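Hi,

Here is the structure I promised to send over. Have a look at it first, and my notes follow below.

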Amino acid sequence: MKRIVGLFIFMSIISISCTQSITVDSDDVVIENEQFKLIVGSDGISKSLVLKSSNEECLVPGDKIPIFSVTQERPYHNEIKLAHPNKRMTFQANSVKREGDKLIVGFELIPYEAIVRIKETSDYISFSFDDFIVDPDDYPAYLKITPPPATELCFIQLPVKDRKHFGEWLNVSWDENVSVNLLGTDPYARIDAEKRNGYRILKADAEKEIKFKGVGAALIVCKTNELLDKIARVEEDYNLPKGVKSRRNEQIKLSYYWSGNVNPGNLQQHLKYAQMGGFRNMMLYYPAFIESNGYRKIGDYDWNKSLYPKGKEDLREMLQAIEGKGIVPGFHFLHSHIGRDSRYVTPKPDYRLNLLRHYTLSAPLGKNDTEVYVEENPDGTTIADGARVLKIGTELISYEGYTTTPPYKFTGCVRGIDETTINTQPAGYIFGLLDVSEFGATSVYIDQNTSLQDEIAEKLANIYDAGFKFVYFDGSEGVNPPFWHHVAAAQYKVFSRLKPDPIFAEGAAKTHFSWHMLSGGNAFDIFSPETLKEETRRWPAEEAPRMKADFTRINFGWLGYWVPDEKTIGTQPDMLEFVTSRAAAWDCPVSIHASLKKFDAHPRTPDNLEVLRRWEEVRANNWLTEERKQMLQNLEQEHILLLNEQKEFELQPYEQIENVAGGSKEVRAFIIQRESELYVVYWHISGSKKLELPLNKSNVQLFETLGVEKNIDSGNGDAIIVPVDNRRFLKAGNLSKEQLANAFSKAKILN
């Protein structure tokens, strides 16, 4: 009897934890599908969101959060204006009623209502702003405005309980059992989450300056193992880029070989190295085939005729040759940048370049003037070198400084920079501060509210059509505000023109809608050999689990390649082993910036690329178990992927011997314990020398590779002499780790 009572109490506790007691009133609004039920009170407060399969309540109890709100920059209705301060005001919903597929929403204080259209499907429920309802008497005829004076509308917001994971990019709260996702159905919805104590307010807004009517979002509440299927249905129904399909493609987890210097003349050398590294993807940076001069000619996209005399046809043939080796080609571009030597800037700057601030000439501008007088106070205008550029009519003018007391003026002006056309302008002429890229000031940004991004997108799509299969959206942050919209919208203008759809894409910046396009997330910039491991721990290894919460992988690095010299130890096998193994722990790839000159010059290139090749085999063949991935997620323990005596992969932890040969940087050595046996893997960073070790020959064996033994030379007395060049293995019989480390510490490097 006690067991039965105990079970009843336990089940009661479980029931209480899954769902709170909700009183459903007759005038409540019920919105539901096969998966979940949302109950909204007639007062506009969200009351309940329940996953039907488990009866689990997904909203936080207690806080009365209205499901809708509307924002004005100040009160416009006369009585409200008199009764309240003139400031930005948000008016919360205080009434909701349902009429068919429409919700009629009323708000506190203000007289008008909003119509939010809903669509209940088996996979999701969508909400979209339809229109406002404004009575002719709400705003009197003398008030010459287009009513209502709303600037933002929140067309859904829900206080969703915190779960184990929150994907800030996808806007999803989830654990192993339940997912709650509020997903934009177009590029115009501002999707965000506001963190509170124990929950987040997931919300979707429409902004007047971007788009009001028709802006929508989809609410998905489901079992977590069904989430991506539900998102895929949204993508299909709303004709969005297929982010789910891309994430499920096996190619996405494979690393890529990157180069900005591939051409038909050196392709075979690049393919040789790419195959040595086991790469199945190859990314080509646009200067490889486009006239560039750095960023300075971006926008023209003229073919490099000296290397590609037939232009696109030569590129097409080269991409076919790459694919013929089983390597998929990708296209790396900067879509929102316009070069300062391009035809869009000189001799007459295009009117569609972005301007950060506007000024009004307070005095006529003559051709020889070196001061520009303005009505507005320039205080706060950029003083960064190279970015001090005014766009006035047909010319660009640089300035040295400006005054912040009347008369306001820009001083030390140089006329007609970037070989633009000097002009005159009358007082009252309006001009602007050019939006110069912060990356070297050699390019400028497009005004995303114009047709210029579409024009550039057409050029990029024409190049992609040569046979590329994946893309990198570099410089994605280079857009005008609001960034939440323009970052993804600029990407979308390009992405929507790429045929066939890219297998996957990466980008330098992302916003919510980018999730459907940037299925591969970002790639981290280059870190030096000396800092690579620590920077990997600090940046990609920190981001990877967060991006996992967004059901997305990142790229652990555009890995640079350094040849050892007096300033650097150069790129070494253990460095590449660390970063690529940590990436594999999160099902992520790496990428390497290839240089034929550096590959040729670095004596350890075969070893370096062999490290990458092995890990690419691991990725391609799904060799890593969840247990092995957990091992690799320990950032303080390094690991090595061995090819053992049976020519099979073997993952082992290893530890660096820090003080080889009395602190020399020439030799790197690591201790490996394979069951009860100790090994040291060691190599010279750049040369071919001998290493004298104070060890007895009878206690050790030398292996070229595991299973392939080499002879050991005897030294003087109790010492051995071994070659030190490429990676070799020294097997220690009955020595301890301390004895091995001590021997390598006392070793002598012989010429």
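What volume does the largest cavity have? About 70 Å³. A cavity here is a set of points on a 1 Å grid over the protein atoms alone where a 1.4 Å probe fits but cannot get out; grid points are joined across faces, edges and corners, and the volume is the space filled by probe spheres set on the points. Searching the whole structure turned up 1 cavity of 30 Å³ or more.

Before you read on: this is a predicted model, where local features need pLDDT of at least 70 and side-chain atom pairs count only at pLDDT 80 or more, while totals for chains, interfaces and linings use all residues. Residues are numbered from 1 along each chain as its sequence is written, and side-chain values use heavy atoms, without hydrogens and water.

Now the lining, meaning residues with an atom within 4 Å of a point. Ile526, Phe527, Ser528, Pro529, Leu532, Trp558, Leu559, Gly560, Trp562, Thr571, Met575 and Leu576 make it up. By class that gives 9 nonpolar, 3 polar (Gly counts as polar) and no charged residues. Strand 31 (558-559) and helix 11 (573-585) each bring at least two of the lining residues; helices are DSSP runs of H or I with at least four residues, strands runs of E with at least two, numbered from the N terminus.

As for the whole protein, there are 15 helices and 43 strands, and the C-alpha trace spans about 105 × 100 × 50 Å along its principal axes. Of its 751 residues, 56% are buried, i.e. under 20% relative accessible area with a 1.4 Å probe, protein chains only.

Cheers

Technical notes: On a 1 Å grid over the protein atoms alone, a cavity is a set of points where a 1.4 Å probe fits but cannot get out, and a pocket is an open set with protein on both sides within 12 Å along at least five of seven lines; lining residues have an atom within 4 Å of a point. Buried means under 20% relative accessible area, exposed over 50%, partly exposed in between (1.4 Å probe, protein chains only).
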